[in-house]
Every structure is written in structure tokens, then in C-alpha cells.
Amino acid sequence: MGYTAVHARWGRLDASLDDLGCGRSWADVHRVKELELACPECRGKVFARLSPHRARHFYHQVRPRDCALANESPEHHLLKLELATAARAAGFRAELEVGNETRTWRADVLVFDEQDRPFMALEAQLSPMTPQDARMRTDRYAADGVAVCWISVEKRPWERGVPSLRLAPPRNRGDAWTVRYGMARYTWAAPHTVKTKAAWTHISCSLDEAIRWILQGRVHAHTGPDGTVWWTARSYVQLAVVRARLEADAEAVVQEAAAEQRRQAAEQRAAATERARLAAEDRRLAAQEQAHEEQRAEQERLADFFEHAGIKAALWPAFMQLVRSASGKAVTCGEQSPVHGNGLLLYSRQHEAGAFQLAGVVCPDPSALARWPADLTILVPGRSWLWRIEEAAQSPVKVAVLNPATKHCAYERVGPRTRR
């Protein structure tokens, strides 16, 4: 029988030993020599006794090397007894040190359901354990359909990642073990709106209450958004879900409003861009129309000159473009000048702030070349004019031949010496 036959509880000196079949108290077991007890692990002979601190426990007659029960501390053993007693007080059969057939796990306390099937392991974990080991051992139990609750009396690195309880031992004889961490409730101030505060808060309760709630299914292991696992009631989870949905709906409204604002802003930008495009197009068309008007007015103004020079009005814009390209300056047309043989005066300037200065004459009458300034350029639209200039020039003059039809430019200096 051994450990699994004991229903003793910490702080109760007259615990019943009915499972031993003798009806005696703990002291009777300690005194009766003919009562033989065996360790369930190694089957070695054990005896009941009280520790110097009045803790009831069993000890091996001969301590074996490979018995896990022989090597456990009294604190670990007593905590297992507390867990088993709490499970039994909740109305469940609970046995100590029970493993599965494949020996992949061995529960400190294994709890059985109404059909006598194991469904919950209570592990008194007082020795160090890594979070990875805790998760691996929890998964081993889950593979056999057994849930597990890890019990500690100190803060451990694994307690946030697996279903667990952290206990505070009783301070005085007769006091109960207290759950300090692992049980939580969801509090939400009334009225239940997104603006009222809500949070998960840990609660304290007795170990008996916690074990009863867990085994009876009144609480279950819940994993929070940050991965923390704690025991709580389904009603609290449902309340948290309602809150989360309200927050999600509120966030969706905010996001939808922000998206609508972005859409409207984009539409406004697109409309502004379209207005700017239309305004620019209107300005372009207006400028184009103005340019056409100015060009028509210019051509009307220069009609007599065109007839004098034998230039087609349609080629005049191309001719002026060649003039501007060749000089690299701003150029404007003046009037026909009788002083310059009825040639058209052209003015240019070096920069915008500068003044226009006489730079050349287009198609002057050859008869005006007798006293032509040597530095005043003559511009002609073809070589036929060049020959006329060469025949009439009395001194060397600068001539620019700008053919608007071929877009060809040539600069020559002609005078008496160039005649044949």
C-alpha cells in the first residue's frame, strides 16, 4: 500500500487511516510493529514517523539508490499529500506516484474521473525546471489525454507558460495553503463600454478551492494574448471576448474613419491636380492663342517687308528661330528702316535686365550698302540675296545666310575683294 494508501493531511494529527484497513491513528501506525508498509516505487519496507518539525512522513528501512520516492524531500512529499487530499475532498479519486504504461510520465498526484479514467495530473514542482522542459512534459501528458497543473511555492520562470499555481504555505498550524498566483478573474467596470477600465487580475484563494474548481471544470487553463497561461472561469473569458470584440469594433470604426479621411483627401488631391491641369491647359491654350494672335499681327505688320524681301510669311517664324538659335540671345523685330535700305531692324540683348540694341538688318536694299557700318550684320534668307549684297558692297560687310526652308546657317564676310 505505502504512500498511495495515506489520506493524511498537513495539520490534522488524528487523520484517518481507513485505507490501511486497521482503523488506527498515525501514532498507532508508528507503534504497531507488525503492520508492514511498502514503497510503491521500489517495494522496499517503509515506516511512518514524525519529523522534528512534527511533519508526518514515511521513511525507507534501507534507502535504495534508484528509488525516486526515497530521494524526495519531506516538503515535496507533504505537498503531494496536500494535493491528493484536496482532490479527494473535491470528490475525486486521487493516487500518488502513478505513471503511464509507456513510462513517459509519472504524476505526483493522478486524479481519476467518474469512469475511473485519469484526466488530471497535479505536479508538486519544487525543484528547478526550464520553461522548455515544462512545455515538453505538459505535452507528454496531453498526448495521453491528461491535463496537468504545475504547483510551486516560489516564483518560477516556467509558471507563465504552462497551467500552474503558486502557493503560500500556511503560517500557523491549522491554516490553509493559499494560492497566490495562477487564478485570475476579468474585471470590467460598469457600464461595459470600451471607455471603462478592464483588466485581468490575479486572485487569492485556498488550495482546496482552487483544486475543486479545476477538477470540477469550473475554471480552465486560459492563454492570454501575450501567451501567459492562468486558470479562470469561462464566464470571465466570455467577458474578455466581448470586451475584445468591442475594442475591435471601435478600432474598425476608427480605421474606417481614417480610411475615409484618406480617401477624401486623395479625392481632394486628385481634384486639385485635375484643376491645376485644366488651368495649365487653359493657360497653354491662351498662350498659344495669344502667340498666334501676335504672330498674325506681326505678319500683318511685316506684310510690306515680306513683299520687299521676297519672303513667304509662313517661313518667317522659322527664320526668326534660326536667328535666335544662331545668336543665343533674345531677339525682337523693329520696323523697316529707310536709312538701312528699307531693311527690317533686329534688336538683341545679352540678358533680361539689359537693353535691346541694334544687332542686324534683314534684307536691306543693296543701294544702301555704300556707307554700311562694318560691324552691323546683314541677315538674308538665301544665297540669291548674298549675291546681290556681294555685287553692291563698297566695303567688307558681315552677312548671315539663314535659310528657313533648309534650316541651314552660314556666316560670311563679303566685300569688293570677294568679287570675281
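Partly exposed residues lie between buried, under 20% relative accessible area, and exposed, over 50% (1.4 Å probe, protein chains only). The model is predicted: local features need pLDDT of at least 70, side-chain atom pairs count only at pLDDT 80 or more, and totals for chains, interfaces and linings use all residues. Residues are numbered from 1 along each chain as its sequence is written, and side-chain values use heavy atoms, with hydrogens and water left out.

**View 1. Seven strands make an open sheet.** Strands here are DSSP runs of E, at least two residues; helices are runs of H or I, at least four residues; both are numbered from the N terminus. Two strands pair if DSSP finds at least two bridges between them. The order is β4-β5-β6-β7-β8-β9-β12, with mixed pairing. β4 (93–99) and β12 (205–206) stand at the edges, each with a single partner strand, so one side of each has no neighbour in the sheet. Helix α3 (residues 131–143) packs on the sheet. The helix touches β5 (106–112), β6 (118–124) and β7 (147–152); contact means heavy atoms within 4.5 Å. The directions of α3 and β7 make an angle of about 145°. Axes are lines fitted to C-alpha atoms, for helices over the stretch in contact, and angles run from 0 to 180 degrees between N-to-C directions.

**View 2. β9 meets β12, and helix α4 comes into view.** Strand β9 (residues 178–181) pairs with β12 in the antiparallel sense, over two bridges. Threonine 178 has serine 206 in β12 as its bridge partner. Helix α4 spans residues 207–215. Its buried residues include Leu207, Ala210, Ile211, Trp213, Ile214 and Leu215. Just after α4, glycine 217 takes a positive phi of about 75°.

**View 3. Arginine 263 and glutamate 260 form a salt bridge.** In a salt bridge, a side-chain nitrogen of Lys or Arg lies within 4 Å of a carboxyl oxygen of Asp or Glu. Side chains of opposite charge can pair when their charged atoms come close. Here the closest N and O atoms are 2.3 Å apart. The two residues sit three residues apart in helix α5 (residues 234–301), so about one helical turn separates arginine 263 from glutamate 260. Arginine 263 is partly exposed at 37% relative accessibility. Glutamate 260 is partly exposed too, at 31%.

**View 4. Glutamate 335 forms a salt bridge with arginine 301.** The closest N and O atoms are 2.9 Å apart. This pair links distant parts of the chain, 34 residues apart. Glutamate 335 belongs to strand β15 (residues 330–337), arginine 301 to helix α5. At 48% relative accessibility, glutamate 335 is partly exposed. Arginine 301 is partly exposed at 32%.

**View 5. Arginine 296 pairs with glutamate 289 in a salt bridge.** The N to O distance is 3.6 Å. Arginine 296 is partly exposed, at 38% relative accessible area. Glutamate 289 is partly exposed at 41%. Elsewhere, salt bridges link Lys80, Glu97 and Arg106 in a network. The whole structure holds 19 salt bridges.

**View 6. β17 pairs with β16 and with β18.** Strands of a sheet pair through backbone hydrogen bonds, either parallel or antiparallel. Strand β16 (residues 343–349) and strand β17 (residues 357–362) are antiparallel, joined over five bridges. Leucine 345 has valine 361 in β17 as its bridge partner. β17 and strand β18 (residues 377–380) run in the parallel sense, over three bridges. Valine 361 stands opposite isoleucine 378 in β18.
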